[in-house]
Amino acid sequence: MSKSVGPMHKLREIVGCPHCGLVQAVPSVKNNGNFICERCGLTLERMNGRDLDTALICAVTTFLLLFPANFLPILQVDVIGVTNRSLIVSGVIGIWLQHWPLLAIVIGLEIILLPFLRFGLLSFVLGALRLGYRPAWLGHIFRRAERLDEWAMLDVFLIGGMVGYARVAPFLPIHIKAGGYCVIATALLTLITRASLERRELWRAMGPHVTHASTDMIGCTVCDFPVPTSQEGCPCPRCGARIWHCRPFSTMRAMALTIAAFIFYPVAYLYPMEYSDQLSTPHGYSIMTGVVKLAQAHLWFFAGLIFFASVLIPFLKLFAFAWFGISIHRHSASRLRLKTRLYRLIDVIGRWSHIDVFTVSVFLPLMHLPGLLSTVVGRAMPAFLAVVVLTMFASTVFDPRALWLAGTLHNRRAL
């Protein structure tokens with residue numbers, strides 16, 4: 001899977017597309033557009049609007065803001081002389097005390113520990129590059145920081161908090177505290193960091209990079225570094241990840257995770273996500289009930305957001321992986337570009353299905369007035385989180401190059 005390259009003065013480096021496997025040349029002359037894979041349409045490099053210094057400032061600021069965001073109260077409710085204050089960890093503790101320890105651990109990792117690790121490692125890498133420090137192991141650290149990007153979810157947590165705030169504010173006097181403003185700032189800086197970071201520029205700065213293409217080369221799916229096919233299975237010289245023509249058993253693992261997610265699917269949507277106990281009268285709220293309640297309150301944007309994130313995205317992921325598995329099994333060569341684009345879509349938007357889970361975790365400690373009001377986690381919440389997490393893992397282990405390899409095998413058989 002290689003592509004012949006032109007004269008050296010017109011080339012910057014050789015890279016392998018992680019989604020279709022095509023090895024191709026990055027033009028050395030910058031323009032106002034992006035460098036896009038010729039075969040599958042993946043944007044391999046954005047050539048404008050990116051700045052490493054901006055990314056460094058945002059990453060360090062985000063890391064520092066994580067401390068007050070986690071240790072200061074984020075919300076406060078005052079009702080009939082009772083004051084409830086909530087920290088980020090309060091919801092995690094509340095879920096644990098309701099005998100859902102695994103659920104609490106997963107949420108705690110996503111909104112507390114992993115953001116610290118993500119931005120701590122990223123700040124170190126960007127700072128080292130800014131100071132001209134480029135040890136051989138720097139790429140290994142950046143690879144791990146990038147793997148944490150989709151799991152560090154304070155930006156998703158903020159949206160979940162906004163949905164909960166819109167639901168509760170008309171009925172209870174709720175106030176945003178100092179920690180809440182730090183969460184808002186941290187979430188916004190997370191998005192800015194992601195937008196300003198050009199990963200290809202970082203990998204290029206770390207080195208090494210290839211400027212000559214040989215006839216048979218395969219690319220690393222993490223940093224796009226190409227190596228001869230004879231080095232398949234060896235660690236990448238730049239980031240340390242194993243380089244494969246197609247990751248072994250990737251389709252089988254993705255299908256197994258998808259089937260496991262499908263098992264939890266009925267429970268996640270048929271049972272309540274939470275119970276609101278008002279004056280000892282429990283009221284259960286499923287995902288669709290929550291959407292209806294938001295619509296009845298004329299909160300159309302949030303109703304549409306929850307429906308999209310909690311209903312459409314999980315269904316789309318289950319459908320997509322079923323389609324991918326059938327296509328690879330049948331060695332289908334049709335609509336390969338469409339399938340690859342669908343994979344990219346579900347890989348990017350899958351994390352946003354956590355919004356409903358975070359909405360409950362934010363307001364569970366606030367909605368606790370002994371004898372008057374309490375919130376209890378329903379059995380649908382761990383099932384729904386299982387669907388989301390399992391399909392995210394399926395997206396991580398799936399190698400979209402398998403679609404193109406299956407299509408290539410089909411074409412060879414046709415000949």
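Predicted model: local features only at pLDDT ≥ 70, side-chain atom pairs only at ≥ 80, totals over all residues.
Local features were considered only at pLDDT of at least 70 and side-chain atom pairs only at pLDDT 80 or more, whereas totals for chains, interfaces and linings use all residues. Residues are numbered from 1 along each chain as its sequence is written, and side-chain values rest on heavy atoms, with hydrogens and water left out.

The chain contains 14 helices and 12 strands, assigned as DSSP runs (helices H or I, at least four residues; strands E, at least two) and numbered from the N terminus. The C-alpha trace spans about 75 × 50 × 35 Å along its principal axes. Of the contacts with a separation of 6 or more, 70% link residues 24 or more positions apart, a contact being heavy atoms within 4.5 Å.

Buried residues account for 52% of the 415, where buried denotes under 20% relative accessible area, exposed over 50% and partly exposed in between (1.4 Å probe, protein chains only). The accessible surface amounts to about 18,900 Å², with 66% belonging to carbon and sulfur atoms; areas were computed by the Shrake-Rupley method with a 1.4 Å probe, and for residues only the protein chains shown count as cover.

The largest nonpolar core has 65 residues, of which Ile 107, Phe 157 and Met 381 touch the most other members. Helix H13 (residues 380-397) provides its largest share, 10 residues. Such a core is a set of buried Ala, Val, Leu, Ile, Met, Phe, Trp, Tyr and Cys residues joined through side-chain atoms within 4.5 Å. Apart from this core lies another of 30 residues, including Leu 138, Met 206, Cys 223 and Ala 241. Beyond its neighbours within four places in sequence, Phe 157 contacts Ile 74, Ile 88, Ile 111, Val 183, Phe 358, Ser 361 and Val 362.

Leu 158 belongs to helix H5 (residues 154-168) and is buried, at 14% relative accessible area. With residues up to four places away in sequence excluded, Leu 158 touches Ile 184 and Ala 187.

Two non-glycine residues with positive phi were examined. Phe 249, with phi of about 60 degrees, lies in the loop between strand S9 (226-228) and helix H8 (250-270) and is exposed at 55%. Arg 335, with phi near 50 degrees, lies in the loop between helix H10 (300-329) and helix H11 (336-349) and is exposed at 57%.
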